[in-house]
Amino acid sequence: RGDDPSRAHADALLDVVHRHRCVVAWLVGHRHHHRITAHHGPGGGFYEITTASIIDWPVERRLVEVIRHDDLELVEIVCTVDSHGAPESSLAGLHLDLAQRFAGSQVRNSMAGAEEDRDVRLYLDRRRRR
């Protein structure tokens, strides 16, 4: 993760990313939890969007849509978390049940993320970057 100071070269990588106006999101997988972190920087910043796993709890995927408004100056990122919703009697339904049981309630709650980490609309105003 770019915000972890113990990682080698994390600050240098963030400096490079902040220099590029076209970067609006940093998509992170394989973390097994939903999180959205705003990275503010000298050029306006970007969002780090972390998505849970479909193989472990919470067995969800995230749809990410990037929409440009106002002559390409206002960027909207729409994030929608979605579960497969398989019938309980199916193999996928069994998988969902087993993943929920394995996770335990505290782990389940933290991995699913807070409301602001799930179905959200994020905005970046590129006019501020000039």
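Biologist: Let me start with a detail: which residue in S3 is the bridge partner of Ala25?
Modeller: Tyr47 is the bridge partner of Ala25. Keep in mind that this is a predicted model.
Biologist: How many bridges join S1 to S3, and are the two parallel or antiparallel?
Modeller: Four bridges join them, and S1 and S3, which covers residues 46–50, run parallel.
Biologist: What holds strands of a sheet together in general?
Modeller: Strands in a sheet pair through hydrogen bonds of the backbone, in either a parallel or an antiparallel way.
Biologist: Back to this one. In what order do the strands of that open sheet come?
Modeller: The order is S1-S3-S2, three strands with mixed pairing. S1 (25–28) and S2 (35–39) are the edge strands, each pairing on one side only. On average, neighbouring strands here are turned by 15° against each other, with direction ignored.
Biologist: Which helix lies across S1, S2 and S3?
Modeller: That is H1, residues 10–18, and H1 runs at about 125° to S3.
Biologist: Zooming out, how many helices and strands are there in the protein?
Modeller: The protein has three helices and six strands. Along the sequence the pattern reads α-β-β-β-β-β-α-α-β.
Biologist: And the other open sheet, with S4 in it: what is its order?
Modeller: S4-S5-S6, three strands with antiparallel pairing. Its edge strands are S4 and S6 (120–125), and each pairs on one side only. From one strand to the next, the twist averages 20°.
Biologist: How many bridges are there between S4 and S5?
Modeller: S4 pairs with S5 (residues 74–83) over 10 bridges, in the antiparallel sense. In one place, Glu60 stands opposite Ser83 of S5.
Biologist: Why does Val64 count as partly exposed?
Modeller: Because its relative accessibility is 31%, and partly exposed runs between the cut-offs of 20% for buried and 50% for exposed.
Biologist: What share of the whole protein is buried?
Modeller: Of its 130 residues, 38% are buried. The accessible surface comes to about 8,400 Å², and carbon and sulfur atoms account for 53% of that.
Biologist: Last one: what share of the contacts with a separation of 6 or more is between residues 24 or more positions apart?
Modeller: Such residues account for 54% of those contacts.

Notes
Residues are numbered from 1 along each chain as its sequence is written. This is a predicted model: local features need pLDDT of at least 70, side-chain atom pairs count only at pLDDT 80 or more; totals for chains, interfaces and linings use all residues. Side-chain values use heavy atoms; hydrogens and water are left out. Buried means under 20% relative accessible area, exposed over 50%, partly exposed in between (1.4 Å probe, protein chains only). Two strands pair if DSSP finds at least two bridges between them. Axes are lines fitted to C-alpha atoms, for helices over the stretch in contact, and angles run from 0 to 180 degrees between N-to-C directions. Contact means heavy atoms within 4.5 Å. Accessible areas come from the Shrake-Rupley method with a 1.4 Å probe; for residues, only the protein chains shown count as cover.
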